[in-house]
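Hi,

Here is the structure I promised to send over.

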Amino acid sequence: MSESTADIIHRGGCFCGAVTYQVTGKPLRSAYCHCTLCQRLHSCAFIHTIHFPAAAFSWTHAEPHEATIETYAVSTKPWKIRSRCKQCGCPVASHNTKLDKWSVWGGELERDEKGRIQGWEEIKPTAHMFYETRMLDINDELGKWAGYEGDSERLG
Ligand SMILES: [Zn+2]
Ligand SMILES: [Zn+2]
């Protein structure tokens with residue numbers, strides 16, 4: 001890598017394009033999450049979640065936010081303010097107000113002309129986390145963790 005990672009910008013947004021954001025620099029964490037909350041909120045087996053410090057995240061669609069974004073929280077994690085698009089219903093990002101970090105999801109990042117996520121090398125997952133509640137076994141080279149990578153029991 002020749003350029004400073006602080007210059008890297010990843011853009012993402014909802015399915016319909018009404019809600020867009022950008023994140024800059026290196027993520028704090030990038031992992032496939034197999035937790036039951038992600039499974040239920042996103043209706044999928046696992047998601048690629050990417051965490052950034054608050055200063056790295058910004059909305060890029062036109063104001064006012066209330067026109068395009070609906071925010072909500074689930075009762076078990078009231079400090080996480082989740083945003084979804086009012087038009088297409090996509091969850092687009094969530095703000096952990098305790099740690100002042102934002103989560104975005106790999107599937108919603110900008111693609112190149114072949115449909116691949118741009119800047120993949122900088123934001124690709126480094127682990128599988130909350131792997132005990134997985135809905136399928138993953139046979140890749142990444143570490144499998146009971147909780148967060150490096151901060152829980154390693155399962156594989
Ligand atoms: Zn939308
Ligand atoms: Zn999760």
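**Notes on the zinc sites**

Cys16 is partly exposed, with a relative accessible area of 36%; by the cut-offs used here, buried is under 20% relative accessible area, exposed is over 50% and partly exposed is in between (1.4 Å probe, protein chains only). Before you go on, note that this is a predicted model, where local features need pLDDT of at least 70 and side-chain atom pairs count only at pLDDT 80 or more, while totals for chains, interfaces and linings use all residues. Residues are numbered from 1 along each chain as its sequence is written, chains are lettered from A and ligands numbered from 1 in the order in which they are written, and side-chain values use heavy atoms, leaving out hydrogens and water.

Donors here are N, O and S atoms within 2.8 Å of the metal (3.2 Å for Na, K and Ca); water is not among the atoms, so sites may look incomplete.

The zinc ion (ligand 2) is held by Cys33 (SG), Cys35 (SG) and Cys38 (SG), at 2.1 to 2.2 Å, spaced C-x1-C-x2-C. Of these, Cys33 is buried at 3% relative accessibility, and Cys35 is buried at 14%.

Cheers
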